[in-house]
Amino acid sequence: MKPLKFNALLKTTLWGGDKIIPFKHLDEHLDNVGESWEISGVKDNETIVNDGEFAGKTLNVVVETLKDKLVGEENYRRFGNEFPLLIKFIDARDQLSIQVHPTDEIAQRQGRGNRGKTEMWYIMDSAPDAKLRSGLSKEITPEEYKEMVANDTITDALCEYNVKEGDCFFLPAGRIHSIGTGCFLAEIQQTSDVTYRIYDFKRKDKDGNERELHTKEAAESIDYHVEPDYRTAYTPAKNQGVSLVHCPYFNTAVYDLTEPMTLDYSELDSFVILIGLKGEGTIKDNEGNELSFTEGESILVPATTETIKVSGTIKFLETYV
């Protein structure tokens with residue numbers, strides 16, 4: 001079973017920039033592309049396989065066809081025909097809204113489907129003054145939160161970070177966050193599109209209306225616990241996998257290769273996604289299938305694959321469930 005590449009879904013947004021199309025080496029002429037949905041099984045936003053025997057098929061059709069051979073036995077029992085991860089690149093020319101996502105339990109209780117949204121960010125080549133917000137900087141109550149939204153002071157309660165390439169942030173469901181101006185990043189998240197907008201800086205849409213806020217739902221979803229630091233600490237290293245996130249929804253490592261390396265998945269009961277961050281190379285599986293692999297590409301490796309040899313000078317994320 002050959003690893004799969006998909007046609008990305010490009011999303012134009014109020015805050016989108018101009019980095020994604022050249023980063024992905026696409027011959028497209030779109031302005032304000034804020035997101036590239038790389039691998040998605042979200043209903044009505046499903047990515048389509050771009051070559052091989054499944055060319056033209058949506059990710060969900062491939063899951064229904066291959067079942068555990070694609071996603072792994074335990075994942076298929078757990079998620080059925082719903083692919084469990086959504087992979088994105090995000091380019092913020094302008095500040096995004098301040099948001100929070102519910103846990104699975106809260107999303108179900110609020111009637112927003114079966115899945116909440118836990119996610120992570122890996123910062124790529126961003127602007128020198130790029131910033132983002134993650135987590136509470138001080139303890140507040142749900143009532144104080146609502147008052148701060150109403151009087152435009154909610155940012156006073158949030159941690160703000162200057163960010164650079166290589167920074168990583170884990171965002172469990174319930175953590176307030178906001179991508180700031182100048183950020184260019186890769187995002188890995190649960191398959192869910194449940195987002196509660198907390199504050200949008202009085203910004204207006206193309207029709208001159210302020211965008212809807214979800215103050216009540218967000219208040220029920222926020223984790224009000226304060227952490228000393230919300231940035232993920234790790235030590236970068238060449239030519240080996242460096243673990244970034246290990247959680248019930250995904251496990252992610254970063255590789256920065258300058259020499260060939262074989263990744264052994266023979267004992268792993270899961271698909272694997274490789275997300276190209278910088279450089280170029282090739283991958284070759286144990287069945288002899290060989291694909292190019294460059295920055296801006298995301299490749300889905302089936303659960304039946306035992307080994308992948310990665311060659312070239314390339315930096316990438318590896319994630320699986």
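Tutor: We begin with a term: a pocket is an open set of grid points where a 1.4 Å probe fits, with protein on both sides within 12 Å along at least five of seven lines, and a lining residue has an atom within 4 Å of a point. The model is predicted.

Student: What volume does the largest pocket have?

Tutor: Rolling a probe the size of a water molecule over the atoms shows where empty space is left. The volume is the space filled by probe spheres set on the points. For the largest pocket this comes to about 530 Å³.

Student: Which residues of its lining are closest to the centre of the largest pocket?

Tutor: The lining of the largest pocket counts 26 residues. By class they divide into seven nonpolar, ten polar and nine charged. Closest to the centre are Trp 15, Glu 35, Lys 88, Gln 99 and Thr 195.

Student: Which strand gives the largest share of the lining of the largest pocket?

Tutor: Several strands supply at least two lining residues each, among them strand 3 (33-39), strand 7 (85-91), strand 9 (119-123) and strand 14 (184-190). Strand 2 (9-17) is also in that group. With five residues, the largest share comes from strand 2.

Student: Which residues does UniProt place under "binding site", and how far apart is the largest C-alpha distance among them?

Tutor: The feature comes from an unreviewed UniProt entry and is placed at His 101, Glu 119 and His 177. These residues are spread over 77 residues of sequence, yet they cluster in space. The lining of the largest pocket takes in His 101, Glu 119 and His 177. The largest C-alpha distance in the set is 10.8 Å.

Student: Is His 101 buried or exposed?

Tutor: His 101 sits in the loop between strand 8 (98-100) and helix 5 (104-109). Leaving out residues up to four places away in sequence, His 101 touches Lys 117, Glu 119, Ala 173, Gly 174, His 177, Val 194, Thr 195 and Ser 221. Its relative accessible area is 3%, and the cut-off for this class is under 20%, so His 101 is buried.

Student: Which strand gives the most to the lining of the second largest pocket?

Tutor: The second largest pocket has a volume of about 230 Å³. Its lining includes Lys 5, Phe 6, Asn 7, Glu 38 and Glu 297, and by class it has three nonpolar, four polar and five charged residues. The most, three residues, comes from strand 1 (residues 4-7).

Student: Which residues does Leu 300 touch?

Tutor: Leu 300 belongs to the largest nonpolar core. Residues up to four places away in sequence are not counted here. The residues touched by Leu 300 are Pro 3, Leu 4, Phe 6, Ile 39, Leu 59, Leu 70, Phe 83, Phe 271, Val 272 and Ile 273.

Student: How far apart are the end C-alpha atoms of residues 244-320?

Tutor: An unreviewed UniProt entry gives this span as "domain: Mannose-6-phosphate isomerase cupin". The span is 0% helix and 66% strand. The ends of residues 244-320, C-alpha to C-alpha, lie 12 Å apart.

Student: And how far apart are the end C-alpha atoms of residues 21-109?

Tutor: UniProt lists these residues, again in an unreviewed entry, as "domain: Phosphomannose isomerase type I catalytic". Over residues 21-109 the chain is 31% helix and 26% strand. The end C-alpha atoms are 39 Å apart.

Student: Where is phi of His 25, and is His 25 buried or exposed?

Tutor: His 25 is found in the loop between helix 1 (20-23) and strand 3. Phi of His 25 is near 55°, a positive value in a residue other than glycine. The relative accessible area is 52%, and the cut-off is over 50%, so His 25 is exposed.

How values were computed: Residues numbered from 1 in each chain as written. Predicted model: local features only at pLDDT ≥ 70, side-chain atom pairs only at ≥ 80, totals over all residues. Heavy atoms only, no water. 1 Å grid on protein atoms, 1.4 Å probe; cavity = no way out; pocket = protein on both sides within 12 Å on 5 of 7 lines; lining within 4 Å. Helix = DSSP H or I, 4+ residues; strand = E, 2+ residues; numbered from the N terminus. Nonpolar A, V, L, I, M, F, W, Y, C, P; charged D, E, K, R; others polar. Core = buried A, V, L, I, M, F, W, Y, C linked by side-chain atoms within 4.5 Å. Buried < 20%, exposed > 50% of the residue type's maximum accessible area, 1.4 Å probe, protein only. Contact = heavy atoms within 4.5 Å. UniProt positions renumbered as here; feature names shortened; annotations may be inferred.
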